[in-house]
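Please look at the sequence and the structure below before reading on. The report then follows a few parts of the model in turn.

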Amino acid sequence: MIRRLLVANRGEIARRVFATCRAMGVQTVAVHSDADADAPFVAEADQAVRLPGATPAETYLRVDLILDAARRSGADAVHPGYGFLAENAEFAAAVTDAGLTWVGPPAKVIAAMGDKLAAKALLADAGVPMLPSWTDADQVTDFPVLVKASAGGGGRGMRIVRDAAELAEAVASARREAASAFGDGTVFIERYVERGRHVEVQILGDTHGTVHVLGVRECSIQRRHQKIIEEAPGLVPAEVRERLHEAAETAGRAVDYVGAGTVEFLLTPDGAFHFLEMNTRLQVEHPVTELTTPDGLDLVRMQVLVAEGEPLPARQHRAATRGHAIEVRLCAEEPARGWRPATGTLHRFHVPGVNREFGGIQPAGLRLDSGVLAGSVVGVHYDSLLAKVIAVAPTRSEAVRALAGALARAEIHGVATNRDLLVRVLRSPEFAAGEIDTGFLDRHPEVFAPLLPADQLPVTALAAALANAAHRRSTAPVLAGLPSGWRNVPAVGQVTRFTGPDGEIEVRYRLDRTGGLVEWSAERDTDERAAGPSTVELVEATGDRVVLDFDGVRRSYRVHRVGSEVFVDGPDGAASLAELPRLPLPTAELAAGSLLAPLPGAVTRVHVEVGQRVAAGDLLLTLEAMKLEHPVLAPTDGVVAELPVSAGGQVRTGAVLAVIGKDH
């Protein structure tokens, strides 16, 4: 039996495996980079071993360091998690060669399925339906096509190409991204299906020849080819579901599959489906399967038992399900800004109504699988996934409503996330009707809007100003008992200025001698003025809560301050503001046309040179952050006047990348 298990991964999946190990009585070992030294998963492990490395991203890819950590900690088994080395056959072989138990499929299976081209050939011979694919760009004659990484997944190394002129650059870019994420830049090209749906089947095999099929998952809501909403059971007719089960079981038996794995398919609008790939690991979205199996399977527990040689228990009904579960991936990114990764300190992280973390709930409830806690620092070295929030209920509509409500009320302060987009997708009529495919986000730009309506930002800023004033009064060293905002001359009002999501906003308000709100107004730096309703009554104002009465309807605003930052969560949505000083210090003036780095990262390519004429939208350079490439485009027509960065260099947020001068 396994006594001490090392997880060769980080973040949420490490915490997930540790949770099951604690329940099973198995000791745990974490490995970590310097950047992760204070991460929650490190603190939760029984032992933790530092992995030295040239960069934080490289450390988790060093097989020699991980095996050394297992030896030093006395671990007798290794779980790969997902990502990094999870689908690396050489790593699996090295673990077993070192006399350790590998919690996953055999190295030969990983090798067979890890080479996606070889996997397609093998499973095509077994009768699994396939899409046409090519290894040479010169072979492609029909478009659109999809460039894909052969050695990995998660949306990395994937590019849609609709024109032959774009193919060469797409292949080169995909190779760079795949090499960075997986250590292997091999790519291939596959026919791209418009309005296709991504569905997958969870399988589980043991060393005694048993392969169980555990149902279909729907994974069609994606950004940049990476899933962000998944659910089970899949939204497919019974006849299609049965054929998917048969194809997945055929694939599993064709390779003598052992452990937890996923067979992924592309479902076309006419109901046909084609094999995409087999993931020889636990998937990010595995909780929706766990929460809908009648017996509430813990897939990590089953992985451990299978690795110990235990046979899988008999199942009375293949792929039977119970209720409906839906999961969202909460990521540190800004969807409306081209999915730009976000960094910073997570000052508060609270999802209301969570029944359990990393465990089963039936028949209804909320589960949270998180890699972060309040105080966690989100950097640029790793994937943007912060947490997964999962709802399970007797019906799909109940699960969707519960999940959307919990997300909308969540307090997530300090790091920008995709929370608002997730809520808007869940509440959209098309999603409710099951009218989804992999192009859903492209067709629904309305889901990129923030939850907080633009006309509610002034009221939100008023709440922030009142809370800040109340906080200052409560902490004042003298006359702390005076009402907030009290003035000897009551006709003179208060003025507070903030920076917000769309620029600066100035709030003016006046209180009477009893602390009542007499009048207020707000003005943005766009000269847009919002006069405050005369019927607004200030019911309560403390440092962390403001209650306003609008024509007899009370609305409560929760306020959280960190330095000059003010986070307001109200009934219509949340806003992050920063109070500006009344007497700001002078700052250095930037040259006109300066283009600043939107996030810290590495400059991978520079596409222009000083003196070159560019048009608005032209690609200037490429940054890499969170394992993805991010294009930096020219904001206007002009001439490249300065170019202070070069390929291979590191930049900080706000660094000048280029200066675009006027084209005389």
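## A buried arginine

With a relative accessibility of 6%, R15 counts as buried, because buried means under 20%. This value, like every other one in this report, was computed from a predicted model. R15 belongs to helix α1, and, when residues up to four places away in sequence are not counted, R15 touches P40, F41, E44, E357, F358, S370, G371, V372 and L373.

Helix α1 covers residues 11-24, which makes 14 residues, and from its first C-alpha to its last the helix reaches 21 Å, close to the 20 Å expected at 1.5 Å a residue. How many of the residues of α1 are buried? The count is 11 of the 14, so α1 is largely enclosed by the rest of the structure. Besides R15, the buried residues of this helix include G11, E12, I13 and A14, and R16, V17, F18, A19, T20 and C21 are also among them. The residue that follows α1 is G25, and its phi is positive, near 80°.

## Two parallel strands

Strand β1 (residues 4-7) and strand β2 run parallel and are joined by 4 bridges, with R4 standing opposite Q27 in β2. Strand β2, which spans residues 27-32, is mostly covered, since 5 of its 6 residues are buried.

## A pair of packed helices

Two packed helices are described by the angle between their axes and the distance between the axes. For helix α4 (residues 63-73) and helix α5 (residues 89-97), the angle is about 30° and the axes lie 11 Å apart. Angles under 35 degrees count as roughly parallel, and α4 and α5 are therefore roughly parallel to each other.

The crossing of these two helices, α4 and α5, is right-handed. Which residues meet where α4 and α5 pack? On the α4 side they are V63, I66 and L67, and these meet F91, A94 and V95 in α5.

Definitions and conventions. Residues are numbered from 1 along each chain as its sequence is written. This is a predicted model: local features need pLDDT of at least 70, side-chain atom pairs count only at pLDDT 80 or more; totals for chains, interfaces and linings use all residues. Side-chain values use heavy atoms; hydrogens and water are left out. The expected span of a helix is 1.5 Å times one less than its number of residues. Buried means under 20% relative accessible area, exposed over 50%, partly exposed in between (1.4 Å probe, protein chains only). Axes are lines fitted to C-alpha atoms, for helices over the stretch in contact, and angles run from 0 to 180 degrees between N-to-C directions. Angles under 35 degrees count as roughly parallel, over 145 as roughly antiparallel, 65 to 115 as roughly perpendicular and the rest as oblique. A crossing is left-handed if the near helix is turned anticlockwise from the far one by less than a right angle, and right-handed if clockwise. Contact means heavy atoms within 4.5 Å. Two strands pair if DSSP finds at least two bridges between them.
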